[in-house]
Every structure is written in C-alpha cells, then in structure tokens.
Amino acid sequence: MGKFQVVTHPLIQHKLTILRQTSTGTKAFRDLVNEIAMLLGYEISRDLPLEDIEIETPITKSIQKTLAGKKLAIVPILRAGIGMVDGILSLVPAAKVGHIGMYRDEETLQPVEYLVKLPEDIDQRQIFVVDPMLATGGSAILAIDSLKKRGAGAANIKFVCLVAAPEGVKALQEAHPDIDIYTAALDEKLNEHGYIVPGLGDAGDRLFGTK
C-alpha cells in the first residue's frame with residue numbers, strides 16, 4: 001500500500017485556514033495555493049535520491065551531495081491544478097510540466113479526459129500529480145490511469161492535494177493502492193453535491209475569478 005500522509009506543518013495549517021475563508025479574494029487565494037504547494041513540495045521531495053560529486057569551495061576540494069539523475073515532472077489536473085505548479089517549480093526549476101485536462105460529464109457526473117500533454121520521457125520521471133481537491137477521487141484516478149497507460153511506474157507517482165475527503169482517499173487507494181498520497185488536510189466528508197466539507201469551495205473558480 002502506498003503512503004498516505006497529512007502534512008501538518010504549522011505554516012501549512014495557518015495558510016490553509018486563510019485559504020478556506022470566503023473573505024479571501026482571488027489574488028490572495030492564488031498566492032496561498034502556491035505557497036502551500038511549495039511547502040508541500042518540501043515534504044514530497046524528501047526521498048529524492050542523492051549522489052556524491054566533487055566540488056571546489058573557496059577553501060578546498062570537497063565531496064558533497066547533489067540530486068541524483070532522476071528527472072521530475074509536475075502534472076497538474078486542469079484547471080485548478082495549475083495553481084499548484086509554480087510553488088513546486090520554485091523548489092525544482094528544472095522539472096518538466098505535463099497537463100491532464102478533464103471535465104465532468106453533466107449526465108453521468110463522471111470525469112472525461114480531453115487533454116493529455118506530457119514530457120516524452122514521462123516513463124523515466126518522478127511524477128507529482130497535483131490538484132487542490134481530492135473529492136470523489138474520480139479525476140485523480142483517471143489521471144493516474146493515463147500516466148500508467150503511458151509507461152509511468154507506480155513507484156514514481158505521488159498525488160499531492162491541499163484538501164482531501166475520506167471518500168476520495170478511499171476511492172484513490174482502492175483504484176491505485178501503490179500510489180503515495182499527500183494532503184495538507186483530511187476533511188470531514190463530501191456533501192450531497194460532491195463538495196468537500198468544510199472544504200474551500202470550488203478551487204478553480206476561486207483561483208481564476210470565475211463562477
């Protein structure tokens with residue numbers, strides 16, 4: 001079973017509380033999503049492999065650590081996932097960014113994929129799939145299906161969100177038991193409309209100022 005971790009760092013919890021509030025406007029919301037993503041990025045990159053290299057300091061030659069060859073990819077689920085990309089990129093600027101676009105079918109309420117644009121060598125990269133919300137789990141499951149179909153190994157995929165509902169965590173773990181899941185908060189439940197309670201509303205609308 002993959003790891004499930006709620007990242008309870010005080011700065012993350014503080015920023016998430018502001019993010020949840022109705023009174024937080026679009027610009028502040030966007031800034032906070034990026035800041036929380038960057039703080040989550042610190043945790044999700046904790047097990048990146050290191051290797052030794054020889055460098056020269058002003059004093060002497062020395063053997064020191066550097067990130068090993070494994071390349072990274074950040075894959076936001078459109079559209080709200082875009083809000084988390086820059087925060088993680090600020091930590092690992094050499095990462096490539098792929099995109100997986102989905103919309104919800106009004107009849108079935110199931111997610112439908114409309115765009116998949118990934119780095120050519122996605123099968124060789126450590127992948128962070130990002131989306132602010134893990135609600136029903138449908139979009140996350142479909143996105144990870146897409147990545148696995150294109151050769152990405154389960155050990156190389158981490159799903160990263162800001163707020164998760166227990167129902168979504170359970171669904172994602174059942175569909176992809178080999179994936180690590182990181183969230184800033186595990187909320188109470190989903191309501192009858194599929195929104196996370198207490199949640200933070202529609203992350204896409206709040207990020208981009210749409211209704």
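## Lining of the largest pocket

In this predicted model, the lining of the largest pocket is made up, by class, of 16 nonpolar, 9 polar and 5 charged residues. The space in this pocket amounts to about 980 Å³, and among its 30 lining residues those closest to the centre are Arg104, Asp131, Ala135, Ser139 and Asp202.

Several elements contribute to the lining of the largest pocket, with at least two residues each coming from strand E4 (71-78), strand E6 (99-104), strand E7 (111-117), strand E9 (133-134), helix H4 (138-149) and helix H6.

## Annotated binding site

An unreviewed UniProt entry carries the annotation "binding site" for Arg79, Arg104, Asp131, Pro132, Met133, Leu134, Ala135, Thr136, Gly137, Gly138, Ser139 and Asp202. From this set, the lining of the largest pocket takes in Arg79, Arg104, Asp131, Met133, Leu134, Ala135, Thr136, Gly137, Gly138, Ser139 and Asp202.

## Two loop residues of the annotated set

Arg79, which the UniProt record includes in its "binding site", is located in the loop that runs between E4 and helix H3 (85-89). Its relative accessible area is 35%, so Arg79 is classed as partly exposed, a term that covers values between the limits of 20% and 50%. When residues up to four places away in sequence are not counted, Arg79 touches Asp202, Gly204, Asp205, Phe208 and Thr210; of these, Asp202 also belongs to the annotated set and is one of the residues closest to the centre of the largest pocket.

Gly137 likewise sits in a loop, here the one between E9 and H4. With a relative accessible area of 4%, Gly137 is buried, yet Gly137 is listed in the lining of the largest pocket.

## Ser146 in helix H4

Helix H4, one of the elements that supply at least two residues of the pocket lining, also holds Ser146. The relative accessibility of Ser146 is 0%, and Ser146 therefore counts as buried. Leaving aside neighbours within four places in sequence, the contacts of Ser146 are with Ile100, Glu113 and Val116.

## The buried face of helix H1

In helix H1 (residues 10-20), the buried residues are Ile12, Lys15, Leu16 and Leu19. Viewed down the axis of H1, these residues fall within an arc of 105°, and so they line one face of the helix.

The buried residues of H1 pack against helix H2 (26-44), strand E10 (157-164), strand E11 (180-186) and helix H6 (203-208).

How values were computed:
Residues numbered from 1 in each chain as written. Predicted model: local features only at pLDDT ≥ 70, side-chain atom pairs only at ≥ 80, totals over all residues. Heavy atoms only, no water. Buried < 20%, exposed > 50% of the residue type's maximum accessible area, 1.4 Å probe, protein only. Helix = DSSP H or I, 4+ residues; strand = E, 2+ residues; numbered from the N terminus. Arc of directions from axis to C-beta. Contact = heavy atoms within 4.5 Å. 1 Å grid on protein atoms, 1.4 Å probe; cavity = no way out; pocket = protein on both sides within 12 Å on 5 of 7 lines; lining within 4 Å. Points joined across faces, edges and corners; volume = space filled by probe spheres on them. Nonpolar A, V, L, I, M, F, W, Y, C, P; charged D, E, K, R; others polar. UniProt positions renumbered as here; feature names shortened; annotations may be inferred.
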